[in-house]
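I opened the model to look up its salt bridges. These are my notes, in the order I made them.

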Amino acid sequence: MNLILRALLIVLLAPLSVLADGLPSWNAGKSRQAIVDFVTKVTTEGGDGFVKPEDRIAVFDNDGTLWSEQPFYFQLGFMLDRVKALAPQHPEWAEKEPFKSILAGDLKGLAKSGEKGIVELGMTTHAGMTSDAFTKIVTDWYATARHPKFHKPYNEVTFLPMRELLDYLRANGFKTYIVSGGGVEFMRPITQAAYGIPPEQVIGSTIVTEYALAGDVPVLNRLPKIDFIDDGPGKPAGINKFIGRRPIFVAGNSDGDYEMLRWVTGGPQKGFGMIIHHTDGDREFAYDRRSAFGKLDNAMDEAEARNWLLVDMKADWKKIYAFE
């Protein structure tokens with residue numbers, strides 16, 4: 001048998017998990033191997049760990065897991081820019097917090113306004129319009145805004161190894177979802193292009209929407225009232241409500257993902273849990289226990305005992321961003 005034919009037969013007869021082992025931005029080592037071993041186990045028919053395709057559900061946090069979240073959450077960046085754009089219509093903001101601090105470029109002053117100030121900021125920048133109008137505002141922002149460190153569009157500051165992982169899981173029969181504390185209508189306009197995840201597979205925090213008629217045109221109005229916070233214990237509740245199946249794969253990066261990690265890996269399938277640890281201050285950012293955004297403390301302490309894979313970005317990833 002000639003070499004070309006032999007090579008072709010090897011490819012055609014190879015198991016799917018081998019064919020789809022497309023994780024080129026991951027360094028060889030225990031993290032990459034643990035992922036491949038798990039996927040091989042659940043996709044090998046006849047094996048003890050085989051999982052039917054319809055039950056291969058994978059859930060991913062977004063901020064800090066699929067894209068960067070420093071020096072602040074991208075959605076907060078949107079809020080800051082939105083306040084500046086609306087400021088000419090609101091002269092009273094010059095003396096009113098948290099808007100006064102935002103317009104002065106004082107993020108520490110913004111932080112002092114606390115949860116009440118942040119909620120007011122969110123309602124001001126996210127409500128009082130139709131869902132279609134908000135989608136257009138967000139889409140236009142993604143097209144023009146730039147990350148303060150990398151000077152790239154925010155939706156390009158995504159982690160290449162995680163995008164490869166999403167593709168790898170889908171090639172092996174997984175259905176991938178985002179389960180994030182971020183606003184669902186802030187994420188949905190770009191998740192298909194950024195991650196290959198369609199809007200209907202994005203779960204996030206929501207504000208109340210109300211059906212109405214604008215003349216004779218049906219619309220959904222966004223009201224200044226919180227509907228659902230998809231963070232902490234809200235994540236397992238959201239998965240149960242919107243997906244209806246317990247996932248077998250979960251990836252997060254902070255204590256906000258702790259309950260989701262516990263729920264997925266504590267299920268009957270003993271799912272795979274993964275935590276992204278931000279250790280690369282040169283290529284990205286280095287932070288964990290003391291960070292105001294993406295604090296990783298309790299989940300990191302329990303990772304080894306609960307068999308959660310702690311991914312070291314500096315050691316495990318050859319590249320962080322596609323633009324490197």
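I first wrote down the accessibility terms: a residue is buried under 20% relative accessible area, exposed over 50%, and partly exposed in between (1.4 Å probe, protein chains only). This is a predicted model, in which local features need pLDDT of at least 70 and side-chain atom pairs count only at pLDDT 80 or more, while totals for chains, interfaces and linings use all residues. Residues are numbered from 1 along each chain as its sequence is written, and side-chain values use heavy atoms, with hydrogens and water left out.

Entry on the count. I looked up salt bridges, meaning a side-chain nitrogen of Lys or Arg within 4 Å of a carboxyl oxygen of Asp or Glu. The structure holds 13 of them. For positions I used helices (H or I, at least four residues) and strands (E, at least two), which are DSSP runs numbered from the N terminus.

Entry on Glu120 and Lys96. I found their side chains joined in a salt bridge, 3.2 Å from N to O. Glu120 lies in helix α7 (residues 114-126) and Lys96 in the loop between α4 (74-86) and α5 (99-103), so the pair ties together parts 24 residues apart in sequence. Glu120 counts as partly exposed because its relative accessibility is 27%. Lys96, at 36%, also counts as partly exposed.

Entry on Glu185 and Arg222. The closest N and O atoms of this salt bridge are 2.3 Å apart. The pair links distant parts of the chain, with Glu185 in helix α10 (residues 184-195) and Arg222 in strand β5, 37 residues apart. Strand β5 covers residues 217-228. Are the two partners buried or exposed? Glu185 is buried, with a relative accessible area of 19%. Arg222 has 6% relative accessibility, so I noted Arg222 as buried.

I then listed what Arg222 touches, taking contact as heavy atoms within 4.5 Å. Leaving aside neighbours within four places in sequence, Arg222 is in contact with Glu185 and with others including His126, Met129, Phe134, Ile207 and Thr209.

Entry on Lys235 and Asp257. Their side chains form a salt bridge of 2.5 Å, N to O. This pair also links distant parts of the chain: Lys235 is in helix α11 (residues 234-242) and Asp257 in the loop between β6 (249-252) and α12 (258-265), 22 residues apart. I noted Lys235 as buried, because its relative accessible area is 1%. Asp257 is buried too, with a relative accessible area of 1%. Which residues do shared partners join into one network? Asp61, Lys235 and Asp257 are joined by salt bridges that share partners.
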